[in-house]
Amino acid sequence: MEIIEQLNWRYATKAMNGKRIPQEKIGRILEAARLAPSSNGLQPFEIIVISNQELKEKIRPAAFDQQQVTGCSHLLVFAAWDRYTPERIDGFITHTAKERGGDPERLERQRQSLLNNFGRMDEDGGYAHAARQAYLSLGVTIVAAAAEGVDGTPMEGFDPEQLDALLGLRGRGLRSTVIIALGYRDTEKDWLVNLKKVRKHKEQFVTELN
Ligand SMILES: Cc1cc2nc3c(=O)[nH]c(=O)nc-3n(C[C@H](O)[C@H](O)[C@H](O)COP(=O)(O)O)c2cc1C
């Protein structure tokens with residue numbers, strides 16, 4: 001399938017059939033998520049991958065009882081940094097130096113610039129910025145899943161505080177931001193499966209300045 005076909009094929013599945021996604025497909029979807037760009041390359045979020053059915057059952061009430069949470073094969077939780085800290089920025093610089101090498105003076109300038117830009121954000125501003133990076137990766141994940149013929153329902157319909165508590169995220173300096181249920185549509189039970197995809201018309205969506 002070409003990308004436009006894949007994006008037309010996918011939809012925010014409301015009922016999933018519990019079938020398990022092969023490991024190599026999940027691996028490729030997660031790799032796509034990891035390769036998503038982020039501001040300054042900081043990747044200020046992690047992904048928690050939940051395939052344990054008992055845990056999914058526990059999460060479902062915190063997600064307004066949405067069926068996809070237990071009907072999916074893998075539930076991905078995008079958990080963003082709760083704030084930018086000097087330690088996190090140092091960690092990024094150290095990692096970059098190890099992976100790529102580079103001129104120590106240049107790296108130090110980069111570190112100072114990151115500290116200036118991000119270190120002084122207040123907690124709300126820092127989290128909001130980090131969350132936006134997580135959403136970008138979510139977008140890539142949605143496309144990668146479609147390319148693998150895997151259904152994915154992005155979801156904000158959950159209580160972040162409850163989910164944070166269930167997964168012990170706050171203690172790790174993380175906050176659940178958005179989740180995606182990955183699995184396979186239940187064509188018998190999903191009311192949305194045969195409905196037309198609705199999008200703005202191109203004229204309402206794109207302004208071309210030639
Ligand atoms: C950030 C975000 C949060 C969403 N939250 C939910 C959700 O909690 N439950 C749900 O069933 N769909 C959720 N959706 C799916 C949207 O309703 C859906 O993507 C939109 O209506 C477009 O339809 P389509 O994805 O089926 O093409 C969410 C989508 C996004 C991007």
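Before I list any pairs: I call two N or O atoms a polar contact if they lie within 3.5 Å; within protein, one must be able to donate a hydrogen and the other to accept it, and residues adjacent in sequence count only if both atoms are side-chain atoms. The model is predicted, so to speak of local features I need pLDDT of at least 70, and side-chain atom pairs count only at pLDDT 80 or more, while totals for chains, interfaces and linings use all residues. Residues are numbered from 1 along each chain as its sequence is written, and side-chain values use heavy atoms, with hydrogens and water left out.

I then looked up atom pairs. Arg10 puts a polar side-chain atom 2.8 Å from a ligand oxygen. Ala12 has a backbone N or O atom 2.8 Å from an oxygen of the ligand. For Glu156, a backbone N or O atom sits 3.0 Å from a ligand nitrogen. The protein covers 65% of the 620 Å² of accessible area that the ligand has on its own (Shrake-Rupley method, 1.4 Å probe).

**Asp90.** Which side chain does Asp90 join in a polar contact of 2.8 Å? I see that the partner is the side chain of Arg111.
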